[in-house]
Structure formats: C-alpha cells, structure tokens
Amino acid sequence: MSASRIRLTGVGHSYAANGGLSTPVLDGIDLEVGQGEVVALVGPSGSGKSTLLDLLEGRFPPGRGEVYCSPGAASGRMARVYQDRALLPWRTVRENVELPLELLRISDGRKERVDLALERAAVAEFGDFLPRQLSGGLAYRASIARALVTNPEILLLDEPFGSLDEVTAESVMLVLGDLLHTSTSTSVFVTHNVEQAVFLSDRVVVLSPRPTKIAGIIEVKRPRPRRREFLGDASFVECVRDVRQCLRRDRS
Amino acid sequence: MSFTGIRQWISPGLALIGLLALWEVAARVTHADTPAPTQILQSLASDSRFYLENAALTMLEAVGGLVIAIVIAYSTASLFALWAPVRRALFPLVIASQTIPLVAVAPVLATIIGDGLFSRIFITAWLCWFPLVVSATHGLLHVEPEHHALFATYGASRSDVFWKLRVPNCTGTVLAGMRAAAGFAFIGAIVVEYSGATKGLGAFLIAQARNPTDPVRVFGVVVVCALCGLLLTQVSHGIVRQLLHRYLPAER
C-alpha cells in the first residue's frame with residue numbers, strides 16, 4: 001500500500017443519549033487507506049458507518065483514539081457526497097457544481113472546471129436544471145460533479161445508491177466506477193449494498209453491529225476500472241460471498 | 001385555473017349566492033336597519049369616490065407599514081441569525097410583545113409617537129413586523145445540517161454562509177411570513193385609525209360605531225375592507241413569489 005492518506009487508530013465514539021447515558025457506536029477501529037485507494041465500508045444499519053465519515057470529515061473529534069486524514073476538512077481538498085445529495089435547491093446544477101469554487105475563491109478557469117466536472121459525471125445537459133427537476137440518479141451524479149470540481153484528494157461518499165432503484169443504481173455505479181478510476185482521489189464510501197461495494201472498491205471493510213469493530217477486510221483483487229461483465233465473474237461472486245459470510249458470522 | 005380548480009369554488013360560490021339571497025329577502029321582508037345586499041352594492045357604485053378616497057388612505061398606511069416592517073424585520077432577523085447572544089436576549093421579548101392585544105397596543109403607541117399619517121404608518125409597521133421577524137429568523141437559522149457541513153468542508157466564511165446559504169434558505173418562510181404580515185398590515189391600519197384619525201376606513205367605522213347614521217356605508221366599508229385585505233395579501237404574495245420564484249420549494 002502507498003503512503004496512508006487516512007489512518008484511524010483505536011477509534012471509539014459514543015453518542016450521548018437522553019438521561020446522560022451514552023450509546024457506544026464505534027469501538028477500537030484501526031484502518032489505513034493509501035493514496036488513490038478506494039475503500040468501501042459495509043455494515044448493518046446503525047453500525048456507525050456515517051459516523052466514521054463524519055469523523056474523517058472532521059465534524060467532531062473521536063471520543064477515543066486518533067483520526068488522521070490528510071488533507072483534512074476545510075482544506076478545500078476534501079469533498080463529500082451526502083446521502084441526501086445536499087444540492088442547494090435554489091441553485092441550478094451548474095451553480096451547485098460551481099459552489100465549491102466560489103467558496104474557495106477559485107476564479108481561474110472556473111467555467112472550464114465546471115464544464116469538465118459536469119461532463120465527467122454525465123450531467124452536462126442538465127446544467128440549467130434545478131435539483132427538483134432531476135431524478136434521483138441525476139441528482140446523485142450532480143452531487144458527484146460538485147465533489148469532483150475541486151479535484152479533491154480525499155473523497156467521501158455516503159450511501160451512494162441509498163434511494164435509487166436497481167436499474168438507476170447500476171448505471172450510477174458504472175459512472176462512479178469510471179470516475180473513481182480516473183480520479184486520483186483517495187476514496188471511502190459507505191454502503192449497505194455488498195455487490196456495489198465489491199464492484200467499486202479495492203477493499204471492503206466489514207463492520208460489526210454496535211459497538212462497531214472491524215469484522216473483516218476483503219480485498220478485491222481485480223484491478224479497476226471494472227466493466228459490467230465483472231458482475232458475473234467468479235472472482236466477483238467469491239468476494240461477495242466472503243463479505244456476506246463475514247457479515248453473517250459477526251451477527252450470529 | 002384548471003377545471004378542478006374551478007370546481008372547488010362552485011360549492012362555496014353557490015353557498016354565498018344562497019346566503020346573499022336569504023339576506024336580501026330577510027332585509028326586505030323585515031324592514032330592519034340592516035341594509036340589503038343590493039343596497040350595499042348600489043352604495044358602492046354610486047358613492048365610489050367616498051370608498052376609494054378612504055380605502056386609498058388606509059391602503060397607504062397598510063402598504064407603507066408593511067414595507068417598513070419588512071426592512072426592520074429582516075434587519076432584526078439578520079442580527080438574530082448572526083449574533084446568538086443578541087438573539088437569546090431579545091427574541092423572547094419579541095415573542096412576549098405579541099401577547100399584548102393589537103387593539104391595546106395601537107392607542108398606546110399613538111400616545112407615544114403622536115397622531116398623523118407617518119405615525120400611523122409606523123404603528124402599522126410595528127403591528128405587522130412580528131410574523132416577518134419570526135419567519136425570517138426561523139428560515140435564517142434552520143439550515144439543513146448537510147448544507148452546513150458542505151459549506152464547512154470548503155472552509156466557507158461567515159459571510160458566505162450567510163449570503164449563500166442562510167438568506168436563500170429563508171425564502172420559503174419569507175413567503176409564509178409575508179402572507180400573514182400583509183393581513184396584519186391591513187387590520188393594523190384599520191385599528192390604528194380607531195385612535196384619533198379623521199379619515200380612512202377605520203376612522204369611518206369607529207365614528208359610525210359611536211354615532212350610527214349611515215348603516216349602508218358601514219356595510220359598504222366592511223366589503224371594501226375585505227376586498228382591500230384580499231388585494232394586499234394576494235398582491236404582496238404574488239410579488240414575492242415572482243421575485244423569489246427559484247428559491248421556493250417545489251409546488252406540491
């Protein structure tokens with residue numbers, strides 16, 4: 001593995017509940033993610049997958065342990081694609097994609113960068129649309145374009161296919177697979193879907209139920225980018241089976 | 001308006017015609033002091049100069065008050081949104097101020113700032129700023145956490161968060177506040193005229209309440225009041241809607 005961009009050492013975190021009791025969410029997470037690597041976090045609902053992304057994004061410090069992420073939050077070199085897309089409803093797709101450049105005061109070649117990001121995410125023809133005029137898949141692609149416009153070094157993706165139907169999810173998955181391959185970003189994404197995790201990532205990190213530990217790490221050996229045919233490949237099926245076994249083993 | 005839109009007005013329209021017919025018959029049969037609808041209509045047509053002059057004055061007070069209220073309310077709401085200590089100290093007082101009934105406040109304010117057109121406009125502004133300041137404060141403060149996190153990821157300045165996120169975010173609530181405030185503005189203008197004004201719809205109503213000499217005009221003024229209130233609400237709503245079209249949530 002090349003130099004680590006992300007390193008979690010003994011990370012634990014609890015959420016304070018009513019009455020002062022705290023609910024442990026993460027417990028002793030150790031993980032390293034190298035430059036340009038794509039890592040999927042898979043686990044049951046409530047296993048703290050999004051909390052891990054929040055910690056990487058620097059929204060709050062961990063209760064225990066250390067989180068190292070370089071470049072870190074507010075550097076402008078990290079981007080996150082949110083589960084609910086988080087597109088500003090009053091801005092067109094193009095204006096949404098332009099927003100990070102505005103906030104980072106980047107004016108050189110702004111139009112070209114926005115055009116390129118729209119094109120890469122395959123939403124160029126919807127640039128003048130408002131988010132409410134987009135389907136779920138297009139909205140997701142628009143939020144990917146926004147994340148890519150700054151050429152982030154760290155890319156965090158939260159439930160990329162959460163609310164998409166199967167056909168749309170597959171088309172978004174193929175677009176995302178190409179984007180992750182052509183981008184130099186170090187990417188971490190959380191998902192419920194084992195097939196999508198295997199298809200897109202270099203490693204699938206399986207998380208246990210709460211308090212969450214790492215139940216297993218499955219390496220996907222087929223180099224990226226992967227084509228649709230990979231979905232029927234024996235190595236794909238084997239990886240999916242390994243991840244599922246790991247998930248089941250830890251539940252039982 | 002679609003056929004479904006028209007159809008929903010058929011029943012209340014027929015009910016209104018039925019009620020007016022009943023009223024007409026009752027007034028003619030009983031020869032009571034209450035004028036018949038046709039007498040009121042006749043008065044509105046033949047005495048239009050009287051109604052227009054008084055309505056114009058009351059409308060001027062209402063519109064002037066509304067405009068001043070908008071300026072003061074949005075400045076105050078911005079202060080509340082930007083400086084939490086100011087909000088914590090003053091917002092409860094703003095809420096508490098509204099427990100004093102409208103009719104009790106108007107004469108007190110008239111005593112403090114005097115009589116005359118401008119003071120009546122200012123009192124009207126005071127009476128209708130409340131829904132505006134509450135809705136604007138709510139809209140400025142209640143931003144989606146993901147949107148906030150997005151801005152934080154790119155190291156957005158306080159000014160960027162305010163102008164590019166909070167202000168556009170509050171436009172939906174602005175519309176709701178504006179609708180309520182326009183209604184309050186007209187009621188406020190009428191109530192303000194109760195305290196010493198010699199002209200205007202409210203001044204005529206209070207004079208007639210003390211010394212009833214012209215019941216037909218009283219009913220005519222009530223009709224004009226209803227029409228003016230509706231006009232002010234709809235026009236202000238329409239203008240805001242037109243100006244803020246793209247910022248508003250999708251039609252449901």
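How many residues of chain A are in contact with how many residues of chain B? I looked this up before anything else, in what is a predicted model. I found 19 residues of chain A in contact with 17 residues of chain B.

**Entry: the chain A side**

I then checked which elements of chain A give two or more residues to the side that touches chain B, and noted strand 5 (78-81) and helix 2 (93-103). Strand 5 of chain A gives the most, with three residues. I sorted this side of chain A by class and got 13 nonpolar, one polar and five charged residues.

**Entry: a helix pair in chain B**

I turned to helix 5 (residues 102-113) and helix 6 (residues 117-141) of chain B, whose axes come within 10 Å and cross at roughly 140°. Angles over 145 degrees would count as roughly antiparallel, so I logged helix 5 and helix 6 of chain B as oblique to each other. I recorded their crossing as right-handed.

I listed the residues that meet in this pair. From helix 5 of chain B there are Leu102(B), Val105(B), Ala106(B), Leu109(B), Ala110(B) and Ile113(B). From helix 6 of chain B there are Ser119(B), Phe122(B), Ile123(B), Trp126(B) and Leu127(B). The residues of this contact divide into ten nonpolar, one polar and no charged.

**Entry: cis peptide bonds in chain A**

I went through the backbone of chain A next. Most peptide bonds are trans. I noted a cis bond from Arg210(A) to Pro211(A), with omega near -10°. Pro211(A) sits in the loop between strand 8 (203-207) and strand 9 (214-219) of chain A. I noted another cis bond from Arg224(A) to Pro225(A), with omega near 0°. I placed Pro225(A) in the loop between strand 9 and helix 7 (234-251) of chain A.

**Entry: positive phi in chain A**

Where does Ala122(A) lie? I found Ala122(A) in the loop between helix 3 (110-120) and helix 4 (136-148) of chain A. Its phi is near 60°, a positive value in a residue other than glycine. I counted 19 C-beta neighbours inside 10 Å for Ala122(A), which makes Ala122(A) partly exposed, because buried needs 20 or more.

Asn151(A) also has a positive phi, near 50°, and is a residue other than glycine. I located Asn151(A) in the loop between helix 4 and strand 6 (154-158) of chain A.

Technical notes. Residues numbered from 1 in each chain as written. Chains lettered and ligands numbered in written order. Predicted model: local features only at pLDDT ≥ 70, side-chain atom pairs only at ≥ 80, totals over all residues. Axes fitted to C-alpha atoms, helices over the stretch in contact; angles between N-to-C directions. Helix = DSSP H or I, 4+ residues; strand = E, 2+ residues; numbered from the N terminus. Parallel < 35°, antiparallel > 145°, perpendicular 65-115°, else oblique. Left-handed = near helix turned anticlockwise from the far one by under 90°. Contact = placed C-beta atoms within 7 Å. Nonpolar A, V, L, I, M, F, W, Y, C, P; charged D, E, K, R; others polar. Buried ≥ 20, exposed ≤ 12 C-beta atoms within 10 Å, placed from the backbone.
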